[in-house]
Amino acid sequence: LFDQFDDLLLLQRGGRTVFFGELGSGSQNLLAYFAKNGAPAMEPGRNPADYMLATIGAGTTGGETIKDWSEVWQNSPEYKKLQADLAEHEVATGEDVHFDRTLATGWKVQYREVLTRAQKIAWRSPEYNFTRLALSIIQGVLLGVIFLDPTRNQTGVVILNGALFLTLIPATNQMTNVIRPTMASRPVLYRETSAGTYSDFSYFIAAGVVELPYTIVSAFIFGVILYLLTGLSGFGFFILAGIMLNVLTIFMGQGLSWASATETIAASIAPVINIVGNLLSGFLIPRPSLRPVFAQLYWINPFQYYLTGIVQNEFEGSSFFCEPEEFVPFPLATGEPFNYAACTDIPELREEQVTSLPSAACRSENVTCCGYCPNTSGDEILQNFS
C-alpha cells in the first residue's frame with residue numbers, strides 16, 4: 001500500500017517536517033535520504049513505512065531517536081532545493097505571513113475547552129467520584145461512632161487526640177485514589193500536546209480545578225458527620241482545614257502521577273509519602289522527641305501543619321479533669337527541705353492538678369498519699385505540637 005504513493009510529506013511530533021519529496025521506486029529516495037543522514041539501513045523485507053516511523057521515533061514501534069530529524073531536514077540539500085523550486089513559482093501577495101505563537105489559541109480558550117471536556121469526563125465517571133463521596137460518609141460515621149462524644153477526662157484526651165489524628169485517613173486516601181484516573185488521561189495529554197492542540201499548563205490547571213467540587217463536597221460531608229458525633233470544637237476552622245488538606249493531597253496525587261513513569265511506581269510512592277507524613281505529624285512521635293535528622297522533614301510536612309491547626313483549635317483554652325481512678329498516686333514529701341503539710345502545698349502543681357488519696361493508693365499506711373492529674377489544661381497538651 002505504501003508503494004502506491006508518489007510523494008510523501010512526513011511530519012514528526014509538533015507538526016514539524018521531516019521529509020518531503022518523491023518516494024521513488026520501492027521508496028528508494030526515502031531510504032537513501034535517511035541512510036545518508038546517519039540512520040541505520042533498513043533490514044531486508046521490512047516495511048518502509050514501519051522503518052521511517054521507527055527511525056524518527058513515531059508510531060507504536062518508535063522509541064527514542066538520537067537526532068532531531070526536523071533540524072536535519074532544515075539543513076538538507078533537499079530542503080534547499082524545495083525552497084528554490086517554490087521561489088520560482090512564488091506569486092507576490094504582499095507581506096510574508098508570520099505567526100506570533102506556536103498554538104492557534106490563547107491560554108484562556110485552551111483552559112475553557114479543556115476544562116469543559118474534563119468536567120464531562122468527571123461527571124461520566126461515577127465509579128470514581130460517587131464512590132469517594134460514599135466513602136466519606138462511611139468513614140465519618142465509623143470514626144464518629146468509635147469516638148462518640150468523649151468525656152473531658154484523661155481518657156477523653158486520648159480519644160480526642162486519636163480522633164483528630166485519624167481525620168488524616170480521607171486525605172491520604174484521596175492521594176492514592178486519584179492516581180488511576182490521572183494515569184488513564186495521560187495518553188490523551190501526550191497525544192494532544194504533541195500535536196499542539198493546547199499547552200501542558202492549560203491541561204494541568206483544568207485537571208486540578210475539575211477535582212475541586214467533588215473534593216470539597218466529600219471533605220465537607222466527612223467533617224460534618226465527625227464533628228456532630230464527636231462534639232468537637234471550632235466547626236468553621238475544622239471544616240476549612242479538612243477541605244484544604246484534601247485539596248492539597250489531590251494535587252499531590254496528580255503531581256505524583258504526572259511525574260511517575262508508570263501507575264505502579266506512583267501507587268508505590270504514595271503510601272511512603274503518607275506513612276512518613278503520618279509519622280512526622282506530631283501525634284505518634286511528639287516534636288520534642290524527634291531526632292535532629294528528621295527536624296527538616298517535620299517542618300516541610302503538610303500533615304503536621306494540618307494536625308497542629310485542628311489540635312490547637314480543639315484544645316486551646318480547654319480544661320480537663322481526672323476521674324478518681326485516673327489520678328497518678330505519689331507519696332507527699334514531708335522531710336527537709338520540702339516539709340509540705342498537704343498535697344495542695346506543692347508549688348509546682350496547680351490546685352486542679354493535685355488531690356489527696358487514701359494511703360492505700362500509695363501502698364503504704366505511713367505516708368500522706370497524693371494524686372496527680374497529668375492533663376488538666378489543653379494548652380499543656382499543645383506543647384507536643386509546638
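**Figure 1. Salt bridge between E78 and K36.** E78 is partly exposed, with a relative accessible area of 25%. In this predicted model, E78 forms a salt bridge with K36, and the closest N and O atoms are 2.5 Å apart. E78 belongs to helix α4 (residues 77-88) and K36 to helix α1 (residues 28-36), so the pair ties together parts that are 42 residues apart in sequence. K36 is exposed, at a relative accessible area of 52%. Side chains of opposite charge can pair when their charged atoms come close.

**Figure 2. Salt bridge between K81 and D85 in helix α4.** The closest N and O atoms of K81 and D85 lie 3.2 Å apart in this salt bridge. The two residues are four residues apart in helix α4, so about one helical turn separates K81 from D85. K81 is exposed, with a relative accessible area of 55%, whereas D85 is partly exposed at 29%.

**Figure 3. Salt bridge between E192 and R117.** The side chains of E192 and R117 meet at 3.0 Å, N to O. E192 counts as buried, with 16% relative accessibility, while R117 is partly exposed at 31%. A search of the whole structure finds eleven salt bridges.

**Figure 4. Disulfide between C322 and C373.** The sulfur atoms of C322 and C373 are 2.0 Å apart. The torsion about their S-S bond is about 95°, so the disulfide is right-handed. C322 lies in the loop between α16 (302-315) and β3 (328-331), and C373 in the loop between β5 (369-372) and α17 (378-381), so the pair ties together parts that are 51 residues apart in sequence. Both C322 and C373 are buried.

Figure 5. In the link of C343 and C370, the sulfur atoms are 1.9 Å apart. With -90° about the S-S bond, this link is left-handed. C343 is found in the loop between β3 and β4 (354-357) and C370 in strand β5, 27 residues apart. C343 and C370 are buried. C362 is joined to C369 by a disulfide with an S to S distance of 1.9 Å, and this link is right-handed, with 80° about the S-S bond. C362 counts as buried at 18% relative accessibility; C369 is buried too, at 1%. A search of the whole structure finds three disulfides, and their pattern is 1-6, 2-5, 3-4, with bonded cysteines counted along the chain.

**Figure 6. The largest cavity.** This cavity holds about 90 Å³ of space. Its lining includes T167, P170, S218, F222, F238, N246 and Y306. Helices α12 (212-230) and α13 (235-259) each supply at least two lining residues. By class, the lining has six nonpolar, five polar and no charged residues.

**Figure 7. The second largest cavity.** About 70 Å³ of space lies here. Among the residues that line this cavity are R132, Q139, P170, N173, N177 and S218. At least two lining residues come from each of α6 (126-146) and α8 (168-177). The lining divides into two nonpolar, six polar and one charged residue. The structure holds two cavities of 30 Å³ or more.

Technical notes
Residues numbered from 1 in each chain as written. Heavy atoms only, no water. 1 Å grid on protein atoms, 1.4 Å probe; cavity = no way out; pocket = protein on both sides within 12 Å on 5 of 7 lines; lining within 4 Å. Points joined across faces, edges and corners; volume = space filled by probe spheres on them. Nonpolar A, V, L, I, M, F, W, Y, C, P; charged D, E, K, R; others polar. Salt bridge = Lys/Arg side-chain N within 4 Å of Asp/Glu carboxyl O. Buried < 20%, exposed > 50% of the residue type's maximum accessible area, 1.4 Å probe, protein only. Disulfide = S-S within 2.5 Å.
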